[in-house]
Amino acid sequence: MNEKALSFSGVLTVGLMLFALFLGAGNMIFPPFLGQQAGDQVWTGIIGFLITGVGLPLMGVIAIAKSGGDLQSLANRVHPLFGLIFTIIMYLAIGPFFGIPRTGTVAYEIGVIPFLSEDAAKYGVSLLIYSIVFFALTAWLAMNPSKLVDRIGKILTPSLLIILTILVVKSIVTPMGSFGEPNPAYQDGALFKGFIEGYLTMDTIAALVFGIVVINAIKDRGITSRTSLTRITIIAGVIAAAGLALVYLSLSYIGATSTDSIGVQANGGAILSAAADHLFGSLGAVILGLAITFACITTSVGLVSACAQYFTKILPVSYPKLVIILSAFSMLIANIGLTQLIAVSLPVLIIIYPLAIVLILLSFMHNWFNGYSLVYIGALVPTGLISLVDGLKTAGMDVSAISSALSFLPFYAEGIGWLVPALAGAVVGYVIAVLAGASKRTIEA
């Protein structure tokens with residue numbers, strides 16, 4: 001029996017769902033801050049941002065599609081034990097311990113606090129009430145994963161795009177000013193600075209986690225063959241990447257032209273709030289609040305669904321129960337507060353993010369080196385050790401002696417000192433694998 005084909009509108013809806021899952025509040029905040037800091041170097045800076053903020057996540061989605069549809073299948077190429085442990089850590093970090101709670105706290109701080117009195121915002125009761133409502137809605141939307149495409153791709157995503165379009169068009173029709181002077185960090189090397197900023201969005205990790213959601217959403221539409229699943233996932237990834245790039249370009253333009261009207265702001269959230277107020281007055285806070293809320297709820301739903309779908313494979317707990325557990329746990333963690341949440345979780349993300357990047361890059365060269373696990377091991381071991389030092393340093397631990405010893409590595413000061421050791425380790429692993437194979441053939445002969 002021939003498998004039914006998915007129409008273009010169906011593929012587009014899946015692509016819009018993936019776009020919305022990626023576009024969290026953090027992704028809306030980074031580009032305007034880059035724009036204001038880069039000034040007249042904004043386009044150079046945003047190109048670097050697009051490479052790591054859009055290009056790597058797209059590669060992550062494609063890597064998951066080609067490897068069989070989930071992160072563990074990809075990580076198993078290193079070793080089955082590594083595949084299990086690394087996947088669990090990734091899901092916990094981007095899920096209930098950081099990623100999911102952050103969606104609620106960011107939505108609260110940008111979408112709710114501006115409407116509260118100073119006394120109401122000071123105490124935690126308002127955050128508690130909001131987080132209960134936010135994560136109850138998350139659980140309801142994620143409870144039936146087969147409806148995620150319709151709920152997000154057909155309802156929430158268009159609503160988010162309409163709100164963003166209103167904000168962007170208004171900023172173009174009535175510009176807030178001209179491009180300002182670039183911050184010293186962007187005067188020389190704006191491309192590389194933008195590259196690092198995009199790296200910090202953590203969307204590459206999200207791509208590995210969301211892969212399972214996209215694959216299952218396509219399967220629910222009657223597509224089951226490996227070839228069709230891979231092809232549709234790649235097309236959906238391209239659609240999502242194009243949407244992200246357009247949003248990033250627009251928001252960076254708002255930031256780059258904002259200084260004359262709102263002055264220099266401390267972060268992207270402050271820039272968007274001040275810009276919305278300047279462009280629309282008091283209505284601006286409502287528009288921005290809606291945009292942030294839609295962005296956060298879609299990301300939250302995607303992460304809860306992805307984590308629940310994965311953990312049902314390794315735990316004797318049903319999907320609905322896991323959705324409730326993950327949502328409730330995330331609600332509790334969210335009440336720690338955004339600042340404390342980032343301080344606790346960021347070191348973990350800094351440790352695992354480079355590992356994810358190397359794993360993705362190697363997956364595209366898998367056939368070139370015959371899939372030797374020693375190549376993966378050779379690249380990931382130095383990457384993990386150097387990233388561990390960076391993570392401990394971010395956590396405030398004294399690793400100055402080790403950092404000084406590693407400072408000779410290219411790009412170490414920029415935070416990607418693992419790059420050259422990863423490449424060297426992959427080469428060494430390949431040589432050992434080839435020699436071991438040749439030695440085995442000689443003995444057998």
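Predicted model: local features only at pLDDT ≥ 70, side-chain atom pairs only at ≥ 80, totals over all residues.

Q: What is the phi of F411 near?

A: As a general idea, most residues other than glycine have a negative phi. Phi of F411, however, is positive, near 70 degrees, although the residue is not glycine. Another such case is N370, with a positive phi near 60 degrees; N370 is placed in the loop between α18 (338–363) and α19 (373–394).

Q: Why does N370 count as exposed, and why does F411 count as partly exposed?

A: The cut-offs decide: exposed means over 50% relative accessible area, buried means under 20%, and partly exposed lies in between. N370 counts as exposed because its relative accessibility is 54%. F411 has 38% and therefore counts as partly exposed.

Q: Which residues touch the most other members of the largest nonpolar core?

A: In soluble globular proteins, nonpolar side chains tend to be buried together. Here the largest nonpolar core has 132 residues, and L23, M28, Y91 and I205 touch the most other members. Helix α16 (residues 282–314) supplies the largest share of this core, 15 residues. Beyond its neighbours within four places in sequence, L23 has contacts that include M28, L160, Y248 and T299.

Q: Which residues form a nonpolar patch on the surface?

A: The patch consists of L81, L84, I85, I89, I314, L315 and V348, which together have about 530 Å² of accessible area. Its largest share, four residues, comes from helix α5 (residues 80–94). I314 is found in helix α16 and counts as partly exposed because its relative accessibility is 33%.

Key:
Residues numbered from 1 in each chain as written. Heavy atoms only, no water. Core = buried A, V, L, I, M, F, W, Y, C linked by side-chain atoms within 4.5 Å. Buried < 20%, exposed > 50% of the residue type's maximum accessible area, 1.4 Å probe, protein only. Helix = DSSP H or I, 4+ residues; strand = E, 2+ residues; numbered from the N terminus. Contact = heavy atoms within 4.5 Å. Patch = residues over 30% accessible without salt bridge, like charges linked within 9 Å, V, L, I, M, F, W, Y side chains within 5 Å. Areas by Shrake-Rupley, 256 points an atom, 1.4 Å probe, with all protein chains shown as cover. Salt bridge = Lys/Arg side-chain N within 4 Å of Asp/Glu carboxyl O.
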